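Here is a short briefing to read alongside the model.

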Amino acid sequence: FPAPNAKFMELACASPSEQHGVYLDYNATTPLAGEVLQAINSALTDSWANPSSSHAEGQRARTVIDSARHWVAEMINATPKDVVFTSGGTESNNMVFHTAIEHHHDANNSLPHVVTTNLEHDSVILVAKALEKKGLLELSVVSASPDDGAVHPDDIAAQLRPNTILVSVMLANNETGIVQPIFEIGAAVKTWSAQQKGNRILLHTDAAQAIGKIPVNVDDLGVDYLTIAGHKFYGPRVGALYVRNPIEKTPIFPMLYGGGQERNFRPGTENTGMIAGLGKAAELVHKNLEKYSERMADSRDYLERRLKETFGTSVHYNGRFPSSRRLPNTCNVSFVGFSLNGSQILAKLRRTLASVGAACHAEASRPSPILLAIGVPEAIAASALRLSVGRETTRRDIDFTVDDLRAALHVEPS
């Protein structure tokens with residue numbers, strides 16, 4: 001075997017926090033909560049039968065799925081029949097756009113028009129652009145305001161047309177943590193539609209980044225569709241789509257055809273184990289959200305104080321507007337004057353695990369388009385890091401990270 005290198009030996013002699021590194025990339029993904037792993041294991045061990053089977057073992061699996069659906073619904077103040085299980089957030093978002101097109105074509109000869117924003121995750125904006133390129137829809141992309149990082153309801157309303165079928169705006173941005181005014185956007189859309197005596201315009205929000213960090217209530221938001229991704233709140237990598245009273249009130253069209261599972265909305269034999277894990281993760285959020293949120297806010301705020309104390313005017317917080325609400329766990333920060341971009345800073349960190357932005361753009365060397373969209377100058381955006389804390393992040397973890405950044409940037413202790 002080769003001799004261990006110096007870094008290995010240093011970590012081998014370090015404390016537990018130093019050994020394993022400090023993970024500050026919880027907006028990319030979260031680990032499975034212990035209770036979630038236990039629920040998955042139990043379902044795979046004891047409820048492995050096909051949930052569509054009528055015998056006792058099949059019905060045992062069906063009960064597990066029903067329980068999970070109950071807890072996902074409880075988490076967002078919905079009813080269980082409004083929850084459709086999917087493979088994850090990307091599928092849920094695609095299903096909404098697919099539904100909008102099918103629903104419009106059922107009733108109209110014109111192309112459907114969709115409104116979204118320049119802040120969206122790729123599983124929204126790339127879907128919309130791909131469908132536009134194929135000639136299946138007309139698309140308007142509304143810009144966020146550089147004054148507060150939010151999409152303003154009046155700007156959404158200004159883009160509406162008689163053939164508008166869908167408005168899709170994320171609930172909270174994965175890079176900046178800025179929470180969007182979804183209820184106000186929905187109210188503006190409903191007002192416009194009533195004035196025009198037009199068709200109903202459906203409202204969708206991708207809540208993947210918000211769930212588990214802030215309260216998410218479908219009635220308070222006034223949405224028709226809401227996207228859920230389990231791995232963002234200590235669950236497995238499956239998801240769900242909330243549909244407000246599907247079929248009777250809100251259209252939903254399947255993208256796949258098969259055995260009729262999920263009431264024909266999403267056929268395919270159910271992944272009982274992962275659905276059980278998603279249900280347990282939702283139960284934990286429903287019962288403990290306030291505690292989780294307070295812990296994360298304490299760690300994030302301490303992080304921002306320590307960074308300011310250590311780096312002074314070299315620190316620039318991106319998306320921290322006085323008038324905007326942020327997720328309690330997210331800090332997007334640039335380090336100005338060090339002639340290093342965000343990726344170069346990350347490469348110099350010895351023990352901190354973080355990112356420069358969305359995980360799906362981790363290899364990109366250009367500044368984040370999200371930061372540019374909210375008015376961050378390109379030179380500042382280029383040196384940005386996204387530091388996102390989790391439920392168990394401690395102040396000791398934050399101290400390790402600040403020391404790691406200080407060493408990477410060659411800043412002497414004050």
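This is a predicted model: local features need pLDDT of at least 70, side-chain atom pairs count only at pLDDT 80 or more; totals for chains, interfaces and linings use all residues.

**Aromatic pairs and their surroundings**

F311 and F335 are both buried.

- Searching the whole structure turns up three aromatic pairs.
- One of them joins Y23 and Y26 edge-to-face, with 4.8 Å centre to centre and 85° between the planes.
- F311 and F335 also pair edge-to-face, at 5.3 Å centre to centre and with 75° between the planes.
- This second pair bridges distant parts of the chain: F311 belongs to helix α10 (residues 272-311) and F335 to strand β10 (residues 330-335), and the two are 24 residues apart.
- Is Y26 buried or exposed? Y26 has a relative accessible area of 11%, which is under the 20% cut-off, so Y26 counts as buried.
- Y23 has 27% relative accessibility, so Y23 falls in the partly exposed class.
- Together with Y234, the residues Y23 and Y26 make up one aromatic cluster.

*The seven-stranded sheet*

- An open sheet is built from seven strands, ordered β2-β8-β7-β6-β5-β3-β4, with mixed pairing.
- The edges are taken by β2 (83-86) and β4 (138-142); each has a single partner strand, so one side of each lacks a neighbour in the sheet.
- From one strand to the next, the twist averages 20°.
- Helix α6 (residues 122-133) lies across β3 (113-117), β4, β5 (164-168) and β6 (202-206), and runs at about 145° to β4.

*Strand pairings to inspect*

- β2 and β8 are antiparallel partners over four bridges, and within β8 the bridge partner of V84 is L241.
- Strand β7 (residues 225-229) pairs with strand β8 (residues 239-243), again in the antiparallel sense, over five bridges.
- β5 and β6 run parallel and are joined by three bridges; L166 has L202 in β6 as its bridge partner.

*Covered strands*

- Which residues of β2 are buried on its two faces? V83 and F85 are buried on one side, V84 and T86 are buried on the other, and both faces of β2 are covered.
- β6 has five of its five residues buried, so this strand is largely enclosed by the rest of the structure.
- On one side of β6 the buried residues are L202, H204 and D206, and on the other they are L203 and T205, which leaves both faces covered.

*The chain as a whole*

- The protein chain has 14 helices and 12 strands.
- Its radius of gyration is 23 Å, close to the 22 Å that the globule rule gives for 414 residues, so the chain is as compact as a globular protein of that length.
- Along the principal axes, the C-alpha trace spans about 65 × 55 × 40 Å.
- Of the 414 residues in the protein chain, 57% are buried.
- Among contacts between residues at least 6 apart in sequence, 72% join residues at least 24 apart.

Key
Residues are numbered from 1 along each chain as its sequence is written. Side-chain values use heavy atoms; hydrogens and water are left out. Two strands pair if DSSP finds at least two bridges between them. Axes are lines fitted to C-alpha atoms, for helices over the stretch in contact, and angles run from 0 to 180 degrees between N-to-C directions. Contact means heavy atoms within 4.5 Å. Rings of Phe, Tyr and Trp (its six-membered ring) pair if their centres lie within 6.5 Å; planes under 30 degrees apart count as stacked, over 60 as edge-to-face and the rest as tilted. Buried means under 20% relative accessible area, exposed over 50%, partly exposed in between (1.4 Å probe, protein chains only). The radius of gyration is taken over C-alpha atoms; the globule rule is 2.2 Å times the number of residues to the power 0.38.
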